[in-house]
Amino acid sequence: MKMAILGARGIPAHYGGFETFAEQLAVRLVERGHEVTVFCENGEGSVEEYKGVRLRHVISRELGPLTTVVYDAACLWKARSGFDVIYMLGYGSSAFCWIPRIWGT
């Protein structure tokens with residue numbers, strides 16, 4: 001199964017709870033044979049894979065309080081097709097979770 005995990009800054013975890021959860025979940029799913037992609041903020045000089053998990057970097061622009069919402073919406077747009085499951089951490093961008101459904105995800 002192809003899965004995407006969104007709503008965290010990325011892995012490996014260096015920030016907090018969502019990132020630690022995303023890392024643990026993604027690595028364990030890969031160990032069970034699933035294809036997992038974690039969407040990560042920015043990515044200058046970053047690797048494309050971590051412990052078998054694919055990393056997809058999305059540019060996050062500084063927009064004050066809207067930064068997280070815009071970043072999450074951009075991740076949802078980029079993940080709109082090509083995955084069987086999209087797992088969104090957090091709730092700030094819940095208004096945009098309909099985007100992948102249009103493409104059948």
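Asp72 is found in helix 2, which spans residues 67-78. This is a predicted model. In the model Asp72 is buried, yet it has no salt bridge. The nearest side chain of opposite charge belongs to Arg9, and it is 9.5 Å away. A salt bridge needs a side-chain nitrogen within 4 Å of a carboxyl oxygen.

What is Asp72 in contact with, leaving aside its neighbours within four places in sequence? The contacts are Gly7, Met88 and Ser93.

Five strands form an open sheet with mixed pairing, in the order 3-4-2-1-5. Strand 3 (49-50) and strand 5 (85-88) stand at the edges, and each has a single partner strand, so one side of each is left without a neighbour in the sheet.

Strand 3 runs antiparallel to strand 4 (residues 53-58), and two bridges join them. Tyr50 stands opposite Val53 of strand 4. Strand 1 and strand 2 pair in the parallel sense, over four bridges. Lys2 has Glu35, in strand 2, as its bridge partner. Strand 1 is mostly covered, with four of its five residues buried.

The loop between strand 1 and helix 1 holds Pro12. A cis peptide bond joins Ile11 to Pro12, with omega at about 0°.

Lys51 is placed in the loop between strand 3 and strand 4. Lys51 is not a glycine, although its phi is positive, at about 50°. Is Lys51 buried or exposed? With a relative accessible area of 55%, Lys51 is exposed, because the exposed class begins over 50%.

## The nonpolar cores

The largest nonpolar core has 15 residues. Ile5, Ile11, Val36, Val38, Val53 and Leu55 are the members that touch the most other members. Two or more residues come from each of strand 1 (2-6), helix 1 (17-31), strand 2 (35-41) and strand 4. Which element gives the most to this core? Helix 1 does, with four residues.

Val53 shows how these parts meet. Not counting residues up to four places away in sequence, Val53 touches Ile11, Ala26, Val27, Val30, Val36, Val38 and Glu48.

## Cysteines without a bond

How many disulfides does the structure hold? It holds zero. Cys40 is in no disulfide, and the nearest cysteine sulfur, that of Cys75, is 8.5 Å away. Seen from Cys75, the closest cysteine sulfur is in Cys40, and 8.5 Å is too far for a bond. The cut-off for a disulfide is a pair of sulfur atoms within 2.5 Å.

Both residues are covered. Cys40 is buried, with a relative accessible area of 3%. Cys75 also counts as buried, at 1% relative accessibility.

## Salt bridges

Side chains of opposite charge can pair when their charged atoms come close. The structure holds three salt bridges. In one of them, the side chains of Lys2 and Glu35 meet at 3.8 Å, N to O. Lys2 lies in strand 1 and Glu35 in strand 2, so this pair ties together parts that are 33 residues apart in sequence. Lys2 counts as partly exposed, at 34% relative accessibility. Glu35 is partly exposed as well, with a relative accessible area of 29%.

Glu35 also meets Arg54 in a salt bridge, at 2.7 Å from N to O. This pair links distant parts of the chain, with Glu35 in strand 2 and Arg54 in strand 4, 19 residues apart. Which residues do salt bridges with shared partners join into one network? Lys2, Glu35 and Arg54 are joined in this way. Arg54 is partly exposed, with a relative accessible area of 42%.

Another salt bridge is formed by Glu41 and Arg9, whose closest N and O atoms are 3.9 Å apart. Glu41 is in strand 2 and Arg9 is in the loop between strand 1 and helix 1, so the pair links distant parts of the chain, 32 residues apart. Glu41 is partly exposed, with a relative accessible area of 25%, and Arg9 is partly exposed, with 42%.

Notes
Residues are numbered from 1 along each chain as its sequence is written. This is a predicted model: local features need pLDDT of at least 70, side-chain atom pairs count only at pLDDT 80 or more; totals for chains, interfaces and linings use all residues. Side-chain values use heavy atoms; hydrogens and water are left out. Buried means under 20% relative accessible area, exposed over 50%, partly exposed in between (1.4 Å probe, protein chains only). Lys and Arg count as positive and Asp and Glu as negative; His and the chain ends are not counted. Contact means heavy atoms within 4.5 Å. Two strands pair if DSSP finds at least two bridges between them. A nonpolar core is a set of buried Ala, Val, Leu, Ile, Met, Phe, Trp, Tyr and Cys residues joined through side-chain atoms within 4.5 Å.
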